[in-house]
Protein chains: 2
Amino acid sequence: MTDRLLDDFLAGQRTALARAVSVVENHRPGFDTLLGAVHSRIGRARRIGLTGPPGAGKSTLTSRVAQSFRRGDLSVGILAVDPTSPYTGGALLGDRVRMEDIALDRGVYIRSLATRGALGGLSAATREVADLLDAFGFDRVLIETVGVGQSELDVARTADTIVVVLVPESGDSIQALKAGLMEIADIFVVNKADRPGADRLRRDIETALHYRPASAWTPPVIATVGISGDGIPELLAALDAHHQYLVDSGALAERRRVRLRERVVDVVDQRLKARVWDDPSASEWLAARLTPLAAGETTPFAVADELLERFL
Amino acid sequence: MTDRLLDDFLAGQRTALARAVSVVENHRPGFDTLLGAVHSRIGRARRIGLTGPPGAGKSTLTSRVAQSFRRGDLSVGILAVDPTSPYTGGALLGDRVRMEDIALDRGVYIRSLATRGALGGLSAATREVADLLDAFGFDRVLIETVGVGQSELDVARTADTIVVVLVPESGDSIQALKAGLMEIADIFVVNKADRPGADRLRRDIETALHYRPASAWTPPVIATVGISGDGIPELLAALDAHHQYLVDSGALAERRRVRLRERVVDVVDQRLKARVWDDPSASEWLAARLTPLAAGETTPFAVADELLERFL
């Protein structure tokens with residue numbers, strides 16, 4: 001079945017792409033064969049991450065950017081990384097709805113990635129699925145992350161270019177700076193720039209940028225209004241400029257090497273965990289140790305060491 | 001030195017607590033001996049997590065709750081979990097400043113936890129440091145997490161009782177539901193409840209709660225104004241009620257068993273990674289494989305398997 005799936009994937013069949021993403025996302029049997037088989041095809045797509053606080057309008061911006069790429073006849077894969085549980089997953093896809101106008105376009109593929117549990121985290125899953133989209137042949141891969149937490153920063157770091165989207169609302173600016181977005185941004189977008197406070201937010205960002213270590217690339221701050229499309233051409237120009245900078249400076253090759261390194265570290269991590277936990281008796285043995293642990297008769301370290309001795 | 005540190009810690013010396021937290025946070029030599037030695041003392045503190053979107057006023061609420069505990073002569077350890085990088089860490093501690101009024105109280109200990117890198121994540125670090133505060137003898141441990149991402153949800157899950165703080169601002173409610181906060185909340189707080197939209201947010205939460213699987217505990221929705229202190233007594237009553245529910249239903253023992261299980265899994269994970277990566281030649285060997293990887297001559301899986309064969 002995986003051979004057939006691989007053939008169909010390489011032939012550019014969309015249904016095969018969707019199946020392949022599911023296989024990889026859930027680490028179903030054969031996922032590593034599949035990823036290994038397409039590995040030599042990756043490295044062509046430009047990967048663009050969009051991140052920022054909830055409600056910043058990332059999905060609308062992502063749709064706008066995708067539409068613009070389509071006008072230039074570029075195909076676009078969109079990965080919406082969403083730590084939503086199954087329970088809310090169905091009911092509240094407010095943002096996804098706004099993507100309807102591009103969802104019927106054959107040159108666009110949209111996929112939500114949910115949280116990955118025990119084996120490997122969300123950023124590992126994002127790297128793997130983005131590799132698939134790249135290998136499938138999309139010219140651009142847009143990675144939109146919901147939230148501003150540590151795992152979202154890690155997800156954003158899987159892209160070549162990171163766009164941080166902020167809105168002129170109370171507390172956003174200082175909170176965004178605190179959350180580490182300042183360090184990872186290649187481009188800032190002040191979205192909903194028709195609202196009061198947009199100029200002030202822009203100045204706050206520019207002030208904060210002075211504290212950033214000097215670099216050959218200074219992140220531009222671009223004002224947009226996602227709903228009307230104002231500022232989108234400027235954003236696209238900034239994306240092109242940053243890509244050119246990455247190529248010219250050698251930073252693109254370096255970012256891709258770092259990503260490949262992280263891919264290997266992810267796999268090592270997954271393999272190590274599997275060696276211990278694939279054996280169900282390891283979990284059973286641990287369950288039986290919880291009562292003495294709770295009673296303070298032993299420690300997590302002693303239990304872990306004994307578990308490794310028995311099951312590795 | 002660790003023996004001396006342990007003695008001072010057990011004698012209740014605050015300077016020893018601060019040093020012990022640093023040792024554990026950074027996994028400096030002897031951290032496991034230290035945590036092992038105090039393990040039998042944990043399980044007395046009530047652990048309360050406060051989480052929610054940026055700008056929701058979590059720090060102010062945390063201060064208010066801590067002040068109230070102090071009036072009841074309860075000692076309080078506060079863990080502010082903050083994925084801030086060193087660069088922004090110094091400059092922008094806006095929220096911390098609001099804690100000044102409680103920071104001079106000897107019955108209160110405040111500590112910021114930054115991101116932990118390669119060995120173990122933020123939730124593992126939070127579990128470990130919360131164990132230390134518990135073992136030191138604090139009656140209450142408040143865990144405040146900045147952000148609404150996956151790692152923040154994981155951090156919040158290290159508590160016995162999880163308080164989700166929202167504010168009546170555009171987009172917050174649906175975004176919070178999307179981010180998985182709905183599932184983990186034991187108590188909802190609508191903070192800044194003097195602002196327009198507070199009633200609507202409250203109704204939105206209550207509506208969404210109908211979709212939650214039936215349970216013996218229905219999360220109350222409490223309106224507060226952190227700045228004035230309105231609603232804080234109701235929040236404290238809800239915290240007590242939830243604790244009583246946890247005790248009566250057996251859920252407290254179950255949550256603590258889950259936490260102990262996760263502590264062991266964390267340690268196993270850290271030990272496994274250390275076995276491979278503590279050897280610097282593993283990283284060097286990997287660095288030399290990046291060029292053939294980038295050229296598509298080999299795959300991350302093949303490299304990972306060879307690395308494990310050589311270095312495990």
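Student: Which strands of chain A does helix α4 (residues 58-71) lie across, and at about what angle does it run to β4(A)?

Tutor: Happy to start there, keeping in mind that this is a predicted model. Helix α4 of chain A lies across β1 (46-51), β2, β3, β4 (140-145), β5 (161-166) and β6 (187-190) of chain A. Its direction makes about 175 degrees with that of β4(A).

Student: What makes β3 and β7 of chain A edge strands?

Tutor: The order of the open sheet of 7 strands is β3-β2-β4-β1-β5-β6-β7 in chain A, with parallel pairing. β3 (108-113) and β7 (221-223) of chain A each pair on one side only, and that makes them the edge strands. From one strand to the next, the twist averages 20 degrees.

Student: How do you know that β2(A) and β3(A) are paired?

Tutor: Two strands pair if there are at least two bridges between them. Strand β2 (residues 76-81) of chain A is joined to β3(A) by 6 bridges, so the pair meets that cut-off, and the two run parallel. As one example, A:I78 has A:I110 in β3(A) as its bridge partner.

Student: Why is A:L153 called buried?

Tutor: The cut-off is 20 or more other C-beta atoms within 10 Å. A:L153 has 26 such neighbours, so it counts as buried. This leucine is found in helix α9 (residues 150-156) of chain A. In chain A as a whole, buried residues make up 49% of the 312 residues.

Student: Why is strand β5 (residues 161-166) of chain B described as largely enclosed?

Tutor: Because 6 of its 6 residues are buried, the rest of the structure largely encloses β5(B). B:T161, B:V163 and B:V165 point one way, B:I162, B:V164 and B:L166 the other, and all are buried. The strand also has parallel partners: β1 (residues 46-51) of chain B is joined to β5(B) by 4 bridges, and β6 (residues 187-190) of chain B pairs with β5(B) over 4 bridges. B:L50 stands opposite B:V163, while B:L166 has B:V190 in β6(B) as its bridge partner.

Student: How do you know that the length of helix α16 (residues 300-311) of chain A agrees with what its residues should span?

Tutor: At 1.5 Å a residue, its 12 residues should span 16 Å, and the end C-alpha atoms are 16 Å apart, so the two agree.

Student: And what puts the buried residues of α16(A) on the same side?

Tutor: Those residues are A:P300, A:V303, A:A304 and A:L307. They cover an arc of only 100 degrees around the axis, which puts them on the same side of α16(A). They pack against α15 (280-294) of chain A together with α14 (251-277) of chain B.

Student: Which domains does the assignment give for chain A, and which element contributes the largest share of the side of domain 1 that touches domain 2?

Tutor: The assignment gives domain 1 (1-41), domain 2 (42-248) and domain 3 (279-311). In chain A, 12 residues of domain 1 are in contact with 13 residues of domain 2. On the domain 1 side, α2 (14-25) and α3 (31-38) of chain A each give two or more residues. The largest share, 5 residues, comes from α2(A).

Conventions: Residues are numbered from 1 along each chain as its sequence is written. Chains are lettered from A and ligands numbered from 1 in the order in which they are written. This is a predicted model: local features need pLDDT of at least 70, side-chain atom pairs count only at pLDDT 80 or more; totals for chains, interfaces and linings use all residues. A residue is buried if 20 or more other C-beta atoms lie within 10 Å of its own, exposed if 12 or fewer, and partly exposed in between; C-beta atoms are placed from the backbone. The expected span of a helix is 1.5 Å times one less than its number of residues. The arc is that of the directions from the helix axis to the C-beta atoms. Two residues are in contact if their C-beta atoms, placed from the backbone, lie within 7 Å. Axes are lines fitted to C-alpha atoms, for helices over the stretch in contact, and angles run from 0 to 180 degrees between N-to-C directions. Domain bounds come from an automatic or database domain assignment.
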